[in-house]
Amino acid sequence: MALSDADVQKQIKHMMAFIEQEANEKAEEIDAKAEEEFNIEKGRLVQQQRLKIMEYYEKKEKQVELQKKIQSSNMLNQARLKVLKVREDHVRNVLDEARKRLGEVARDQGKYTEIVKLLITQGIYQLTETNVVIRARQADHPLIESLIPGIQQEYKNVVKKDINLKLDQENFLAADSCGGVELLAARGRIKITNTLENRLELIAQKLIPEIRTALFGRNTNRRFTD
């Protein structure tokens, strides 16, 4: 049975409608799949960037924490150094005060005479030389000249040898020094310094730990006190 033009047109329209519907459904399916893949990829990228950001800020946080520790350690060390400096300055002030009082020793003529005699005697026993030059403050020359004969005789009685003591008439200890003597032998190549300042310094080096303890108490962090 032959189809009329109207029937052919109707079937064509029906087929076109069917194809269009399939095309629309396919397009929707493609759009849905594309949307799903887009969301998956977007989620993956967001998560990836989130991890990177978290990693970046974790690293930054660690750097900040490390910097804080370093800064705190530096500040603590600076504070300790300041405390130590203040303490050492205080110890030094105590020693400076001792030096000022040391200058008053020479005012007591009797005591100072005994001290000078002891310093010279100790020095010549250390030198064990025959000829010794004594260097002193110019103001102390009369005192030392009066002591030399007795010291020489005492040395001879003990050592059984003569010793020749002579005052240095060209070089003197500083007039503002606290006193005492320097002993020179072998044309000045050997020298023993027995000034009051030098003896105080030697004693101070031994007593500084005790001075620190007396001023600030015992330091529990130190195993040794020298």
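## Helix α2 and its end

Helix α2 is followed by Thr128, a residue whose phi is positive, near 50°; helices (H or I, at least four residues) and strands (E, at least two) are DSSP runs numbered from the N terminus. The model is a predicted one, in which local features need pLDDT of at least 70 and side-chain atom pairs count only at pLDDT 80 or more, while totals for chains, interfaces and linings use all residues. Residues are numbered from 1 along each chain as its sequence is written, and side-chain values use heavy atoms, with hydrogens and water left out.

The 19 residues of α2 (residues 109-127) should span 27 Å at 1.5 Å a residue, and the end C-alpha atoms are 27 Å apart, which agrees; the expected span is 1.5 Å times one less than the number of residues. Among the buried residues of α2 are Tyr112, Val116, Leu119, Ile120, Ile124 and Leu127, where buried means under 20% relative accessible area, exposed over 50%, and partly exposed in between (1.4 Å probe, protein chains only).

## A nonpolar surface patch

Val8, Ile12 and Met16 form a nonpolar patch on the surface, with about 250 Å² of accessible area together. Accessible areas come from the Shrake-Rupley method with a 1.4 Å probe, and for residues only the protein chains shown count as cover. Patches are made of residues with over 30% relative accessible area and no salt bridge, with like charges joined within 9 Å and nonpolar side chains (Val, Leu, Ile, Met, Phe, Trp, Tyr) within 5 Å; a salt bridge is a side-chain nitrogen of Lys or Arg within 4 Å of a carboxyl oxygen of Asp or Glu.

Met16, which lies in helix α1 (residues 5-102), counts as exposed because its relative accessibility is 53%.
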